Amino acid sequence: MSTPVHPQPNGQAESSNKIIVNNLKKMLDKNKGGWAEELPFVLLSDRSTSKVATGQTPYSLVFGTEAVIPTEVVIPTARYLLQDQENNDRILAQDLDTIDELRDLVKIRIAAHQQRITKSYNRNIRVRRFQIGDLVLRKTFQNTKDPSAGKLAPKWEGPYLMDVEAGKGAYWLATLEGDVIPISCNAIHLKAYYM
């Protein structure tokens with residue numbers, strides 16, 4: 001799914017890697033060359049820490065049970081000492097039977113979390129509305145800038161005419177001569193132009 005056709009998941013690997021790298025930095029201090037020895041511990045802590053969006057650990061979502069950390073084996077806890085092989089196998093089988101229910105609950109929790117984030121983000125959005133025929137300027141991007149202009153290049157290009165509303169704050173623009181620009185533009189990248 002991580003392809004240009006599906007742009008939504010493209011940042012997921014980078015996001016996970018960012019968390020792992022930041023945790024490695026915290027553990028290494030001055031010995032930056034020793035990251036390979038610390039990596040298994042950082043990965044274990046990341047996989048056995050519950051996430052805000054799901055309320056579960058990644059390990060429990062895959063295996064249906066909580067992970068036993070190596071410290072519990074070296075310094076046994078009550079949870080570790082009171083388990084025998086028969087009882088442990090029975091509990092693991094029961095956890096595997098209920099893992100689908102757990103994953104369904106997590107999907108609901110993720111949807112609610114995404115709604116909260118969307119609501120928080122949209123609270124700060126200022127909607128810009130334009131009328132067909134208005135003159136606007138379009139923000140220049142890295143791929144539309146003249147590379148020879150350097151940092152003195154203009155930040156806005158145009159003016160353009162509002163041609164057609166593409167929906168949800170996107171517009172088709174046309175040059176003053178009437179040539180339609182083949183790519184629609186979002187309203188956040190436009191500003192009104194007054195003559």
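**Sheet, core and pocket**

Tutor: Strand E1, residues 135-139, pairs with E5 in the antiparallel sense over three bridges. Keep in mind that this is a predicted model.

Student: Which residue in E5 is the bridge partner of valine 136?

Tutor: Alanine 192 is the partner of valine 136.

Student: And what is the strand order in the open sheet?

Tutor: The five strands run E4-E3-E2-E1-E5, with antiparallel pairing.

Student: Which are the edge strands?

Tutor: E4 (185-186) and E5 (190-192), each of which pairs on one side only.

Student: OK, the core. Which residues make up the largest nonpolar core?

Tutor: Ten residues: Phe130, Val136, Tyr160, Met162, Tyr171, Leu173, Ile181, Cys185, Ala187 and Leu190. Strands E2 (156-167) and E3 (170-174) are the elements that give two or more residues to this core.

Student: What is leucine 190 in contact with, leaving aside neighbours within four places in sequence?

Tutor: Its contacts include Phe130, Val136, Met162, Tyr171, Leu173 and Cys185. Arg128, Leu137, Arg138 and Trp156 are also in contact with leucine 190.

Student: Switching topic: what volume does the second largest pocket have?

Tutor: About 320 Å³. It is lined by 13 residues, and the closest to its centre are Thr65, Glu66, Val68, Gln83 and Asn88.

Student: Which element gives the most to the lining of that second largest pocket?

Tutor: H6, with four residues. Helix H5 (78-81) and helix H6 (85-123) each supply at least two.

Student: How does the lining of the second largest pocket split by class?

Tutor: Six residues are nonpolar, three polar and four charged.

Note on methods: Residues are numbered from 1 along each chain as its sequence is written. This is a predicted model: local features need pLDDT of at least 70, side-chain atom pairs count only at pLDDT 80 or more; totals for chains, interfaces and linings use all residues. Side-chain values use heavy atoms; hydrogens and water are left out. Two strands pair if DSSP finds at least two bridges between them. On a 1 Å grid over the protein atoms alone, a cavity is a set of points where a 1.4 Å probe fits but cannot get out, and a pocket is an open set with protein on both sides within 12 Å along at least five of seven lines; lining residues have an atom within 4 Å of a point. Grid points are joined across faces, edges and corners, and a volume is the space filled by probe spheres set on the points. Ala, Val, Leu, Ile, Met, Phe, Trp, Tyr, Cys and Pro count as nonpolar, Asp, Glu, Lys and Arg as charged, and the others, Gly among them, as polar. A nonpolar core is a set of buried Ala, Val, Leu, Ile, Met, Phe, Trp, Tyr and Cys residues joined through side-chain atoms within 4.5 Å. Buried means under 20% relative accessible area, exposed over 50%, partly exposed in between (1.4 Å probe, protein chains only). Contact means heavy atoms within 4.5 Å.
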